[in-house]
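Please read these points with the model open.

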Amino acid sequence: LLKFLVIRNSDHKLSNFNSEQMSGHQNFPVDDEFLPVDEIIGRTIHHCTVMFCTLKQHTDVLFDFSDEAFQRLHNLISDFDDAVVRSGMFKYQHVGEWYIVACPRAAFPPVEEGPAKADPSAYTLRMIELASELQRIAMRHRDRHGKPLELRVGLSAGSVAGAVVGADRPFYCLYGTTVNTAARMCKHATGAVHCCGAVATNLAPAGCNSFRCVSAGITDIKGLGSMETFDILAGAACLAALPLACRS
């Protein structure tokens, strides 16, 4: 599937989009190399970490159309955005109930540090740290009943396809099983950050004592079949800031 997402830049509107959006960046990361933007605008990108987040109270938040509700949502998303910028991760989008973040390897334009050369395990660790921070930020915000917001988070790691799609208001899109798996991990999350085996594997060489992966057993994941999934638990120094459901 990923192989068919290679798109040649022959459309005039897409050409204009690329030159404007690249803002001085001349290349796009492809298979650990950089290719000229005027030759290609989409391809498989390996070793990416993707995070999906949703509020446990998302139905209550999204279907309250009062001015106060929109202000609460704006404040929350703005705080999330600030945290993502500080972390160096790439905010893919927020749409509907989803807030989606990818590592800089999947950014468009790519970050200047050279995402194709970065250690995937380091990005996975930074994404887990960001996930914990977003959960803490959510708890500082309140729903209309005055209760702290709770954030469910799912992580996946692997290859993604990044492509600019559309002629009218073209949009940089991420595709692939890695993206779908992150969404499914979020759906199955209870309190702790939930992840697939690829994330647990990436975390091991990072040499991190702040987090540990604990098997949640074999789970039947819609569209993906049976797989072992994991809860990511914080070390003792981080436990006090996390929801009770996340503590071990």
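1. F90 and Y172 are both buried. Buried here means under 20% relative accessible area, exposed means over 50%, and partly exposed lies in between (1.4 Å probe, protein chains only). This is a predicted model: local features need pLDDT of at least 70, side-chain atom pairs count only at pLDDT 80 or more, and totals for chains, interfaces and linings use all residues. Residues are numbered from 1 along each chain as its sequence is written, and side-chain values use heavy atoms, with hydrogens and water left out.

2. How many aromatic pairs does a search of the whole structure find? It finds four. Rings of Phe, Tyr and Trp (its six-membered ring) pair if their centres lie within 6.5 Å; planes under 30 degrees apart count as stacked, over 60 as edge-to-face and the rest as tilted. One of the pairs is F52 with W98: the ring centres are 5.2 Å apart and the planes stand at 75 degrees, so this pair is edge-to-face. F52 belongs to strand 3 and W98 to strand 5 (residues 98–102), so the pair ties together parts that are 46 residues apart in sequence. Strands (E, at least two residues) and helices (H or I, at least four) are DSSP runs, numbered from the N terminus. F52 and W98 are buried.

3. Back to F90 and Y172. Their ring centres are 6.3 Å apart with planes at 55 degrees, so the pair is tilted. F90 sits in strand 4 (residues 90–95) and Y172 in strand 7; the pair links distant parts of the chain, 82 residues apart.

4. Look next at A183, in helix 5 (residues 177–188). Its relative accessibility is 15%, so A183 counts as buried. Leaving aside neighbours within four places in sequence, A183 is in contact (heavy atoms within 4.5 Å) with F52 and W98. The C-alpha atoms of A183 and S156 are 8.5 Å apart, while the two residues are 27 apart along the chain.

5. Which residues make a nonpolar surface patch of about 400 Å²? They are F63, F65 and F70. Patch residues have over 30% relative accessible area and no salt bridge; like charges are joined within 9 Å, nonpolar side chains (Val, Leu, Ile, Met, Phe, Trp, Tyr) within 5 Å. A salt bridge is a side-chain nitrogen of Lys or Arg within 4 Å of a carboxyl oxygen of Asp or Glu. Areas come from the Shrake-Rupley method with a 1.4 Å probe; for residues, only the protein chains shown count as cover. F70 lies in helix 3 (residues 67–87). At 47% relative accessibility, F70 is partly exposed.

6. Check two backbone angles. Most residues other than glycine have a negative phi. H47, not a glycine, has a positive phi of about 60 degrees. H47 is in strand 3 (residues 42–55) and is partly exposed at 45% relative accessibility. R169, also not a glycine, has a positive phi of about 50 degrees. R169 is in the loop between strand 6 (151–165) and strand 7 (171–175), and is exposed at 76% relative accessibility.

7. Now confidence. The mean pLDDT (the predictor's confidence in each residue, from 0 to 100) is 77, and 69% of residues reach 70 or more. Over residues 1–40 the pLDDT is below 50, yet this stretch has 87 contacts in the model beyond near neighbours in sequence.

8. Overall, the protein has seven helices and 10 strands. Of its 248 residues, 48% count as buried.
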